[in-house]
Amino acid sequence: IELLKAEKIATETDDNFQLGLISHNISNIYDNIYWGEGAIEYAQKSYDAYSQTQYHRHCYYSLLHLGIKHFNYYNYTESEKLFKTLLTQVQEQNDTILCIETLTKLASTYWAVNNYNKAITAYNEAIKLNLDKDIIGAAEYSRLSSSYIMTDQLEKGLKYANIAYEKDTAEVWGLYLYNEKCGNIKDALHYLQKEILMQNEILDNITTQSVLKSVENYNLMEEKLYKQSHRYERALLIIIIITIIINKLISNLTSLYINRNQLIT
């Protein structure tokens, strides 16, 4: 509610930097409860706002986050386009950190549409730049692992599946695929059960979407009632002013009438 109020103030004062920051945070709130429409809408607002400022790095990151939101909600054509656009920009700026982040997200988009060879190439480009920066996350290593496994490069797949698991024990998809491919049914089932538990947690979070939507509707209704109340107060003030003017005119006319009668007398 407070962020939505802040958004209104930033819009009214043309403060695009604050509007970009506010919209980014609102987008993340929607993303945390898996409401894609709101997450994408406010990520776009954040990018549009930062684009009106001189904060170029903020603009780059907002474009990255916009691509991530599209990726999260299966708009892979759009996410690929955004990541490619951003990659060109940050390569021109020699921004290694953003190059790594953009390459991994672009690779994830290739992975999502089963273009595993392109995914492997992009991930490995990111790894070459990564060195000791430790920017690449567990999810990316897990997707690289599954890309190798799906192209029958099992040993490389296992290597990156273990790296993903070391970074985050919830990232078990690569380990499941590897054991399933190798016929280790018992181990495969173990990792699959862990994956199902994680997906169930996501489904629980999705059910809270309606709660947050209700919060937004409450805020919009509150604003509507405020405007109605403000219009009523303004109308009442106008009526009072008109009444004062009419009373003043009547008083003046009465005085003129009395003075006229006195003059006649």
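A residue counts as buried when its relative accessible area is under 20%, as exposed when it is over 50%, and as partly exposed in between, with a 1.4 Å probe and protein chains only. By that definition Cys-99, at 8% relative accessibility, counts as buried. The structure is a predicted model, in which local features need pLDDT of at least 70 and side-chain atom pairs count only at pLDDT 80 or more, while totals for chains, interfaces and linings use all residues. Residues are numbered from 1 along each chain as its sequence is written, and side-chain values use heavy atoms, with hydrogens and water left out.

**Overall make-up**

- The chain has 12 helices and zero strands, where helices (H or I, at least four residues) and strands (E, at least two) are DSSP runs numbered from the N terminus.
- Of the 265 residues in the chain, 34% are buried.
- Contact means heavy atoms within 4.5 Å, and among the contacts in the chain with a separation of 6 or more, 56% are made by residues 24 or more positions apart.

**Nonpolar cores**

- A nonpolar core is a set of buried Ala, Val, Leu, Ile, Met, Phe, Trp, Tyr and Cys residues joined through side-chain atoms within 4.5 Å; the largest one has 29 residues, of which Leu-64, Leu-86, Val-90 and Leu-144 touch the most other members.
- At least two residues of this core come from each of helix 4 (56–72), helix 5 (76–92), helix 6 (96–112), helix 7 (116–130), helix 8 (138–150) and helix 9, and helix 6 gives the most, with seven residues.
- When neighbours within four places in sequence are left aside, Val-90 is in contact with Tyr-60, Asp-95, Leu-98, Cys-99 and Thr-102.
- Another core, of 13 residues, lies apart from the largest one and includes Leu-4, Tyr-30, Tyr-42 and Ala-49.

**Packing of helix 9 and helix 10**

- Helix 9 (residues 154–167) and helix 10 (residues 173–182) pack at an angle of about 145 degrees, with their axes 8 Å apart; axes are lines fitted to C-alpha atoms, for helices over the stretch in contact, and angles run from 0 to 180 degrees between N-to-C directions.
- Leu-154, Glu-155, Leu-158, Ala-161, Asn-162 and Tyr-165 are the residues of helix 9 that meet Gly-174, Leu-175, Tyr-178, Lys-181 and Cys-182 in helix 10.
- The residues of this contact divide into seven nonpolar, two polar and two charged, with Ala, Val, Leu, Ile, Met, Phe, Trp, Tyr, Cys and Pro counted as nonpolar, Asp, Glu, Lys and Arg as charged, and the others, Gly among them, as polar.

**Individual residues**

- Ser-146 is found in helix 8 and is buried, with a relative accessible area of 2%; not counting residues up to four places away in sequence, Ser-146 touches Trp-111, Trp-173 and Leu-177.
- Ser-62, which is found in helix 4, is likewise buried, with a relative accessible area of 4%, and, leaving aside neighbours within four places in sequence, Ser-62 is in contact with Ser-46, Tyr-47 and Tyr-50.
- The C-alpha atoms of Ser-62 and Asp-48 are separated by 8.8 Å, although these residues are 14 residues apart along the chain.
- Gln-193 is found in helix 11 (residues 185–206) and is partly exposed, with a relative accessible area of 44%.

**Cysteines**

- Cys-59 is buried, with a relative accessible area of 15%.
- A disulfide is a pair of cysteine sulfur atoms within 2.5 Å, and by this rule the count comes to zero disulfides.
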